[in-house]
Amino acid sequence: MEIVLSGIRPTGNLHLGNYFGALRNFVKMQHENQCYFFIADYHSLTTHPTPENLQGNVKQALVEYLAAGIDPEIATIYVQSDLPETAELYLLLNMNAYKGELERVTTFKEKAKKQPDNINAGLLTYPTLMAADILIHRAHKVPVGKDQEQHLEMTRTFARRFNRMYKTEFFPEPVAYNFGEELVKIPGLDGSGKMGKSEGEGNAIFLADDPKTIRKKVMRAVTDAGPTEMNAPKPDPIKNLFAIMQAVSSPDTVAYFDEKYNACEIRYGDMKKQLAEDVVAFTEPIREKILELSSDDAYIKKVMDMGKEKARASGGKTVSEIREIIGFRP
Ligand code: TYM
């Protein structure tokens with residue numbers, strides 16, 4: 001049986017990008033594999049949340065993952081800091097992670113530009129912590145979006161380096177996974193880049209958004225004056241709108257608007273109205289589940305405790321084997 005692992009930082013509500021990039025694939029795989037899903041609260045400390053915010057965000061994240069279809073009886077869903085062995089493995093991997101390679105990571109360079117007065121060591125070593133998350137369960141497959149590809153490559157580098165150094169085949173080399181297809185990148189509504197929680201108001205559609213909010217966001221999405229030539233290539237904002245439609249609407253709907261575009265007959269207002277209704281139809285059952293679970297603290301605690309126990313059984317075993325390989329006192 002293959003081991004599958006994925007995780008998300010608890011830094012705000014879950015959006016369509018998180019869902020189609022990572023969660024949906026994980027949910028599809030949870031029945032056939034040994035699956036771990038975790039809430040990356042150590043990672044979220046790079047942006048210095050308050051204790052109250054951290055706690056609230058972790059709970060909200062858990063609620064949303066459950067609502068989106070993770071079954072805690074089948075998969076192991078846990079909070080990263082409930083498996084402190086992760087921090088030990090992170091320390092050990094850091095001994096063989098080099099400043100040069102860490103500084104070259106795209107996400108580090110982007111973050112450093114975005115928060116120049118807070119380029120902390122956690123930010124620089126983010127990929128080693130992520131490698132620790134994955135290697136601690138010796139995972140084979142990691143369902144993630146396109147933006148995490150480079151981190152997975154680093155994880156393979158660290159795994160190989162450890163194996164070579166200690167002349168072992170202890171760690172498998174994990175791959176980023178989307179059922180043999182290209183990894184997904186869901187664009188935002190502002191015409192550029194990816195959908196993200198820190199990309200500005202109105203750029204992301206959250207699973208917890210109510211229908212009114214969704215309609216408003218979609219109707220405000222950036223478009224242009226429309227094509228003036230038959231079969232013209234689509235500029236980025238229009239490509240983005242189609243990409244979101246491809247995720248939530250039926251293939252017939254996408255084909256219909258595609259034909260309209262190619263014939264220069266498209267009315268973006270109509271397309272957005274349709275898109276908004278399809279997003280609402282898709283998110284509504286998840287939103288209802290979020291509301292229902294949010295008030296059930298006893299259940300949330302039970303799920304967290306259960307996940308903690310299962311994660312520690314697996315992660316604890318890995319770390320004690322690693323200690324032995326490295327040469328610490330058994
Ligand atoms: P995070 O919290 O930024 O995002 C969580 C997951 O959602 C995916 N994602 C997207 N996919 C497609 N289109 C988008 N617009 C989009 N936005 C986000 C991300 O690719 C990711 O899969 N470093 C990770 C969390 C993490 C992790 C791990 C993941 C820590 N350790 C170990 C997997 C394995 C992160 O910041 O994801």
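Visitor: Is Asp147 buried, partly exposed or exposed?
Guide: In this predicted model, local features need pLDDT of at least 70, side-chain atom pairs count only at pLDDT 80 or more, and totals for chains, interfaces and linings use all residues. Residues are numbered from 1 along each chain as its sequence is written, and side-chain values use heavy atoms, with hydrogens and water left out. Buried means under 20% relative accessible area and exposed over 50%, with partly exposed in between (1.4 Å probe, protein chains only). At 37% relative accessibility, Asp147 is therefore partly exposed.

Visitor: Which residue meets Asp147 in a salt bridge?
Guide: A salt bridge is a side-chain nitrogen of Lys or Arg within 4 Å of a carboxyl oxygen of Asp or Glu. For Asp147 the N to O value is 2.9 Å, and the partner is Lys194.

Visitor: How many residues apart in sequence are the parts that Lys59 and Asp297 tie together?
Guide: The side chains of Lys59 and Asp297 meet in a salt bridge of 3.0 Å, N to O. Lys59 lies in helix α3 and Asp297 in helix α14, so the parts tied together are separated in sequence by 238 residues. Helices (H or I, at least four residues) and strands (E, at least two) are DSSP runs, numbered from the N terminus.
The separation asked for is 238 residues.

Visitor: Where does the partner of Lys234, Asp258, lie?
Guide: The closest N and O atoms of the Lys234 and Asp258 salt bridge are 2.6 Å apart. Lys234 lies in the loop between α10 and α11, and Asp258 in helix α12.
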